[in-house]
Amino acid sequence: MRSSIVHEGAVNINYEIRHIVEVGQRLIKSGRSMTWENIGDPIQMGEKVAPWIRAVVRDLLEQEVAWAYCHSRGILATREFLAGEVNKRGGAQVTADDILFVNGIADAVDKIYDLIRKDARVVMPSPSYSTHLSNESKRGSYENITFPLDPQNGWRPDLDELRNLVKYNPQVVAIALVNPDNPTGMVYAESELREMVAIAAKYGLFIICDEIYTHLNFTGRARHLSEIIGDVPAIALRGISKEYPWPGARCGWIEILNARKHPAFAEYVKALGTAKMLEVCATTLPQLSVPLVFGDARYPEHLRTRAAKFAARAEEVAEIFGALPELLLPKPQGAFYYPIVFKDGVLNGRQTLPIDRAPTREIVESIVQGVADDKRFAYYLMGAEGICVTPLSGFHTPLNGFRLTLLRDDDDLRRATFRRIADAIARYVK
Ligand SMILES: Cc1ncc(COP(=O)(O)O)c(C=O)c1O
């Protein structure tokens, strides 16, 4: 090649949730079986979508319109329905033009960060969900600017640190958050959201709020950003991947809040819409289903039942791992993950688990050199027990730990897997 090709920020792209699968696949080739506990896909983990939601989707297949392109912002009737839902919450008011359909939130996240000036930064929490962090990182070779979530204190966000970061880093143009959070499952208190909005207002920032899990909240009614945003410009991200759940639909949308009140933000969100035009439109059929499913009288109960199911599974984890004094186990308040943190000093670069099969052992021993301590644990867990979890260090945090999902639908298998991991930890850290 006559010159290098790749953008300098591309080296910063990291998606540990799937990277670890490549390691798992190598181990499978060596004869190791694998139970996957890393990916947040309810369907792959055995959940059956409610028959009435399947029926809605099946009936839509008979409509010619479901097979066609749609408006590049999304189907108007669906956008009107969703704008109505935002307006009913009583906070920021929007129109159908403020809703923009995308091929999953991951698609939106890519564009949202890509269209921000390269020298401007987005501050976000640590641990951080990889799609947001990597999209921010890939724009350049800067240090990420993050505020900590504290596992000693229920993962509460350090908002004093956030305020300082914003104050002393004039290149920060936005605050990003996921609520409920991935990987921690923490739900931002209304007072915390209000404080973040106040910081954004004071320093002239916009907010990016990923609300993919907002309806999987164990603490009561979900708070949407639109309810408390006031006049501050913001983007809320919504979708059906985790709710119906239908991750393979690749259907999500953004709510643009206070689009027209700030010229710089208006210019930015206009670019978001134009970028979507280049892709023609998002998938049509799932969009058609949204008013039918969200508007169905059975939907609120559907959401309540699922939130209660994951809350009960979080209790299982707390009980099974609670016997291990080496761990911190702040309970999630939403979403469907349980991050487990090793206390400081518990892990080191010498611990191992016995791996019977020589080819598997050789691979594990060759890949643990120089890796983070929690990755080392995850690799040994895969080699010895055939269980794949995501190391917490993959979520841009100095904490050592791993993220479990609460998704496995087979009760016996799920509990047995949790017990095997707990047992492996006891042997690993002794
Ligand atoms: C916080 C968060 N946002 C977005 C996504 C992806 O959503 P979508 O399927 O709509 O692209 C995920 C998937 O795990 C997620 O955890």
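How many bridges join β13 to β14, and in which sense do the two strands run? 2 bridges join them, and they run antiparallel.

## Basis of the model

This is a predicted model, in which local features need pLDDT of at least 70, side-chain atom pairs count only at pLDDT 80 or more, and totals for chains, interfaces and linings use all residues. Residues are numbered from 1 along each chain as its sequence is written, and side-chain values use heavy atoms, with hydrogens and water left out.

Strands here are DSSP E runs of at least two residues, and helices are H or I runs of at least four, both numbered from the N terminus. Two strands pair if DSSP finds at least two bridges between them. Strands of a sheet pair through backbone hydrogen bonds.

β11 (residues 337-342) and β14 (residues 401-405) pair in the antiparallel sense over 5 bridges. Val-341 has Gly-401 of β14 as its bridge partner.

Buried means under 20% relative accessible area, exposed over 50%, and partly exposed in between (1.4 Å probe, protein chains only). In β14, 5 of the 5 residues are buried, so the strand is largely enclosed by the rest of the structure. Gly-401, Arg-403 and Thr-405 are buried on one side, Phe-402 and Leu-404 on the other. In a regular strand the side chains alternate between the two faces of the sheet.

Pro-263 counts as exposed, at 69% relative accessibility. Its C-alpha atom is 44 Å from that of Val-341, 78 residues apart along the chain.

## The ligand site

The ligand is surrounded by 13 residues, where near means a heavy atom within 4 Å. The closest are Ile-105, Asp-210, Tyr-213, Ser-241 and Lys-242. The shell divides into 7 nonpolar, 3 polar and 3 charged residues. In this scheme Ala, Val, Leu, Ile, Met, Phe, Trp, Tyr, Cys and Pro are nonpolar, Asp, Glu, Lys and Arg are charged, and the others, Gly among them, are polar.

Polar side-chain atoms of Tyr-213 and Ser-241 each lie 2.6 Å from an oxygen atom of the ligand. For Asn-182, a side-chain N or O atom is 2.8 Å from a ligand oxygen. Taken alone the ligand exposes 400 Å², and the protein buries 93% of that. These areas come from the Shrake-Rupley method with a 1.4 Å probe.

## Salt bridges

The whole structure holds 36 salt bridges, each a side-chain nitrogen of Lys or Arg within 4 Å of a carboxyl oxygen of Asp or Glu. Glu-190 and Arg-223 form one of them (3.0 Å, N to O). Glu-190 lies in helix α7 (residues 190-203) and Arg-223 in the loop between β7 (206-210) and α8 (225-228), so the pair ties together parts 33 residues apart in sequence. Glu-190 is partly exposed at 29%, and Arg-223 is partly exposed at 27%.

Glu-279 and Lys-276 meet at 2.6 Å, N to O. Glu-279 is partly exposed at 34%, whereas Lys-276 is buried at 0%.

Arg-313 and Asp-409 meet at 2.9 Å, N to O. This pair links helix α11 (residues 299-321) with the loop between β14 and α14 (411-429), 96 residues apart. Arg-313 is buried at 5%, and Asp-409 is partly exposed at 27%. Salt bridges with shared partners join Glu-47, Arg-306, Lys-309, Arg-313 and Asp-409 into one network.

Conventions
Polar contact = N/O pair within 3.5 Å; in protein donor to acceptor, adjacent residues only side chain to side chain.
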